[in-house]
Amino acid sequence: MATLKDVAKASGLTVGTVSRVLNNRGYISDKTREKVYQVMKELNYQPNETARALSKQKSNTIGVILPSIEHPYFSKVLSRLEREAAKRGYRIMLFVSRYKEEREEQCIEMCKSERVAGVVLCSGSFETEKFEGLNFPLITLERSMDEGTSGIECDNYQGGVLATELLIEKGCRKLMFIGGVSAGVDIHMPGDLREVAFRDICKNRNEENVVMVTDNRLFDSLEYYEYVRQALVDNPEVDGVFASSDVIGAYVLQACADLEIKVPEQLKIVGFDDVNIAQFTSPGLTTIHQPVEQMAEMAVAAIAQIDEGKMVPTKTVFPVTLVERGTT
């Protein structure tokens, strides 16, 4: 069985350098890191994760807590986190909470027992005081929480402004907002600012608007169709819809097709997130692009930097951009 010394000898590096690669400590160039991983593969070297965890008091595992993996947005987040983690020699341990507090508690306890290097939290119903005193960094993505080590968000308010202003500029006068989670229910989420921006712009422009907020339970099931269809039936004068996610936007487009409402001639739609579904609809869904790639990169980088004893920002807000497609 190959040893650490064998890997060092075959790669032409010192044992210390190989050890730093495996433990993700100090500066290591991508070329050196790739060389070590290639030699490990050739020699079939398997690091003793248990021993490493005991010696470091932590493993090279990052816990990721998502409320759902069926939702396209969280699938995209997970994919990007896994990719960034692999670049830095980390592994991902996934937990799905489905917004159940008891499940989130179990996830955190498992992360403690596994000596994770850090946790990326995207779920939202946990009582924040229960995060105090953790022995690992807690990085939040699109989740407001003072107890977190570092919070990473997109500019949800600016996204709401861009979406609403576009609808008005395109000539819409009766606007509707359809949100996935009721603002102000249980806990504040950064995504609530999308609705706040919608209200503010409509008020400042003296535009009429209809604010619709879905039942929270629909967020998990993604079964928005009947709700969205009824909202359009009940408000036939609406000519512009800002959907708080691309999933909801796609359902609006489907309901319009079933109700014989022409898009974009009679009704225009803007979504939020810019996940794959926005490109697969016909016409393509105009949306607000959330920079998930950069957000995931920063989340993993923050854990690595903290592991090296460095400081990280307590909060980072990434700008969003408007991606115009066929629905406007």
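Predicted model: local features only at pLDDT ≥ 70, side-chain atom pairs only at ≥ 80, totals over all residues.
Local features need pLDDT of at least 70 and side-chain atom pairs count only at pLDDT 80 or more, while totals for chains, interfaces and linings use all residues. Residues are numbered from 1 along each chain as its sequence is written, and side-chain values use heavy atoms, with hydrogens and water left out.

Reader: How many helices and strands are there in the protein?
Author: Helices (H or I, at least four residues) and strands (E, at least two) are DSSP runs, numbered from the N terminus. On that basis the protein has 13 helices and twelve strands.

Reader: What share of the residues of the protein counts as buried?
Author: Buried means under 20% relative accessible area, exposed over 50%, and partly exposed in between (1.4 Å probe, protein chains only). The protein has 328 residues, and the buried share of them is 51%.

Reader: How many aromatic pairs does a search of the whole structure find?
Author: Rings of Phe, Tyr and Trp (its six-membered ring) pair if their centres lie within 6.5 Å; planes under 30 degrees apart count as stacked, over 60 as edge-to-face and the rest as tilted. With these limits, the number of aromatic pairs found in the whole structure is four.

Reader: Which geometry do Y73 and F74 form as an aromatic pair?
Author: The ring centres of Y73 and F74 are 5.2 Å apart, with 70° between the planes. Y73 is buried at a relative accessible area of 9%, and F74 is buried at 6%. The geometry of the Y73 and F74 pair is edge-to-face.

Reader: Which parts of the chain does the pair of F177 and F198 link?
Author: F177 and F198 form a tilted pair, 5.7 Å centre to centre with 40° between the planes. F177 is buried at 3% relative accessibility, and F198 is buried at 0%. The two residues are 21 apart, and the pair links strand 6 (residues 174-179), which holds F177, to helix 8 (residues 192-204), which holds F198.

Reader: How many disulfides does a search of the whole structure find?
Author: A disulfide is a covalent bond between the sulfur atoms of two cysteines. The criterion here is a pair of cysteine sulfur atoms within 2.5 Å. C202 is buried at a relative accessible area of 0%, and C256 is buried at 0%. The number of disulfides found is zero.
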